[in-house]
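Thanks for coming, everyone. Let me put the structure up on the screen, and then I'll walk you through it.

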Amino acid sequence: MNIIINAFEVSPFAKTGGLADVTYSLASEFDALGHNVIVIMPKLKSINIASHNFQKLDYKLEIQMGFSTEFAAIWEGVVPNSKAKVYLVEHDEYYSRDSIYGSPEEYMDNDRRFIFLSRAVFEVAKVLDFTPDVIHAHDYHTAFTLAFLKSFYRLEERFSKCAGVFTIHNLSFQGKYNPYRVMDFSSFGMKEFYEGSWFEKDGVVNCMKVGIMFADKITTVSPNYSNEIRMAYYSEGLQNELNERGGDIIGVLNGVYYPDWNPTSDKLIAHNYTPDTIEIKKQNKYDFLKSYGLNESDNLDMPLFGMVSRLTEQKGIDIIKEKLDYYLGNKNIRFLLLGSGQQDYVEFFNYLKWKYPKNAFINIGYDEALAHRIFASSDFIMVPSRFEPCGLTQMYALKYGTIPLVRATGGLVDTVSEYNTETMEGTGFVFNNFHKDDFAYALERALSVYASPKDWEKLKQNAMKEDFSSVRQAVDYIEVFKWALEKT
Ligand code: ADP
């Protein structure tokens, strides 16, 4: 199958969250399965052109933006450890900026930056003489690709039989923009913008809705999330649209690219281990704690709860704040954070660091290598999310024998099950209500299992046996693509 993956972020080139991990693993796995896959993304300033060996191609793209024609160049590279080609669309005025989306506020012209890429996809395919069977667009940034596919490019032989698949990674980011701008430079014109049209939602252009309405098939990143979003609480206002397209929506659980996320071979951690040598795991914890100035007299065996997360309301920090403060002050636990985001959360975590210098280790920022070390060193990983389309950190943690403590929402339900001390089955600790007391009760259960060596060893074995491989994810997506092609 000829596949185009169109996304704004793809690991290891550019990443702010799970989207990049998934587009990367899909490209690698489609290639490994023998498909002809190319990735198209913007040439962002943060991409290291030299280290990834990108080469500028001798093409000049012409992209129609309303009444004007704009130009772009393309750079070619490969997805590491695969043959899948990556094409970077170069337009420095749009993409050569310090942050990917703008920080702390989004760039005012993100609408334009996203639409330019969405349209460039077709021009890239043409100059490369690539005839896609499927265009797989990810999240609202590239949703307009599907509108273009089903309108202007439908008439071109090369794209006339191409299916469009849209993957929703997070419904809470929708891309709501001024119609006078967007309808102009997307070339659809204001005539297509009226109440209830596929572009309109609440008086503005809603890119997420555009993706949902124009796609042949829509996927969410976990089966449970695909059901949840049919309900008002999780639908982020798009309940009607999601139910209207309900028959075309399916959840495909995200996968983990195990060549990169495996304690057996991970080069970013100090001590590698397997399920049979799991006792080595705690050397990682000891080294880690010592790197923070602790020594043997500091009881290095105290349970260590890690968290690797964007610091936003979604991630459930509000319900853990008070309890963390209490448990760090009154019980024997340690807490280790890697995250960046909202200033009020940053201030809270820095307060913990100040109050519990030997028990709270706070790392504000983005650090891929440190994330690996945290998954290897922690005993538990916390994911107390308010909502969670899939969540990757709990899946990484499981592979490292690090036990997830999660709220029962979205993909966390599909990937973690409560440990049962009677049957000794289960892989973690799960709480239902988005409430601090429910979280604390799960924490208590976790601590009591940690204190029971027989259970604790069994639980880690259960966790490491879980298999959420991205190979399965890619195979599932190919089935979705075939399903989408039935429609074209
Ligand atoms: P989301 O996409 O909502 O941020 P996911 O759990 O799906 O959440 O994916 C998060 C990804 O980003 C994981 O690979 C996680 O390890 C990584 N990550 C999150 N915050 C950081 C950080 N501060 N430093 C390094 N990696 C991070």
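Let's start with helix α11, which lies across β14, β15, β16, β17 and β19. The direction of α11 is at about 150° to that of β14. In case you're wondering where the coordinates come from, this is a predicted model.

So what is the sheet under that helix? It's an open sheet of 6 strands, paired in parallel, and the order is β16-β15-β14-β17-β18-β19. At the edges you'll find β16, residues 360-364, and β19, residues 429-431, and each of those pairs on one side only. If you ignore direction, neighbouring strands here are turned by 15° against each other on average.

Strand β15, residues 334-341, runs parallel to β16, and 5 bridges join the two.

The crossing of α11 past α16 is right-handed. On the α11 side, the residues in contact are Ile 319, Ile 320, Glu 322, Lys 323 and Tyr 327. Across from them, α16 brings in Lys 436, Asp 437, Phe 439, Ala 440, Leu 443, Glu 444 and Leu 447. Which classes of residue make up that contact of α11 with α16? There are 7 nonpolar and 5 charged residues, and no polar ones.

Okay, next helix pair: α10, residues 281-291, and α13, residues 368-377. Their axes come within 8 Å and cross at roughly 120°. By that angle, α10 is oblique to α13. From α10 we have Lys 281, Asn 284, Lys 285, Phe 288 and Ser 291 in the contact. From α13 it's Leu 370, Arg 373, Ile 374, Phe 375, Ala 376 and Ser 377. By class, that contact has 5 nonpolar, 3 polar and 3 charged residues.

One more pair, and this one joins helix α1, residues 18-32, with helix α18, residues 470-485. Their axes come within 9 Å, and the crossing is at roughly 80°. At that angle, α1 and α18 are roughly perpendicular to each other. Val 22, Ser 25, Leu 26, Glu 29 and Phe 30 are the α1 residues that take part. They meet Ser 470, Val 471, Gln 473, Ala 474, Tyr 477, Ile 478 and Phe 481 in α18. Sorted by class, that's 8 nonpolar, 3 polar and 1 charged.

Let's move to another sheet. The antiparallel pairing of β9 with β11, residues 204-206, goes over 2 bridges. In that region, Tyr 177 stands opposite Val 205 in β11.

Most residues other than glycine have a negative phi, and most peptide bonds are trans. With that in mind, have a look at Ser 11 and Pro 12, which are joined by a cis peptide bond with omega about -5°. Pro 12 sits in the loop between β1 and α1. Another cis bond joins Ser 103 and Pro 104, with omega about 0°, and Pro 104 is in the loop between α2 and α3. Then there's Asn 81, not a glycine, yet with a positive phi of about 60°. You'll find Asn 81 in the loop between β5 and β6.

Finally, zoom all the way out. The chain has 18 helices and 19 strands. Its C-alpha atoms fill a box of roughly 70 × 45 × 40 Å along the principal axes. For 488 residues, a compact globule would have a radius of gyration near 23 Å, and the chain agrees with that at 23 Å.

Conventions: Residues are numbered from 1 along each chain as its sequence is written. This is a predicted model: local features need pLDDT of at least 70, side-chain atom pairs count only at pLDDT 80 or more; totals for chains, interfaces and linings use all residues. Side-chain values use heavy atoms; hydrogens and water are left out. Two strands pair if DSSP finds at least two bridges between them. Helices (H or I, at least four residues) and strands (E, at least two) are DSSP runs, numbered from the N terminus. A crossing is left-handed if the near helix is turned anticlockwise from the far one by less than a right angle, and right-handed if clockwise. Contact means heavy atoms within 4.5 Å. Ala, Val, Leu, Ile, Met, Phe, Trp, Tyr, Cys and Pro count as nonpolar, Asp, Glu, Lys and Arg as charged, and the others, Gly among them, as polar. The radius of gyration is taken over C-alpha atoms; the globule rule is 2.2 Å times the number of residues to the power 0.38. Axes are lines fitted to C-alpha atoms, for helices over the stretch in contact, and angles run from 0 to 180 degrees between N-to-C directions. Angles under 35 degrees count as roughly parallel, over 145 as roughly antiparallel, 65 to 115 as roughly perpendicular and the rest as oblique.
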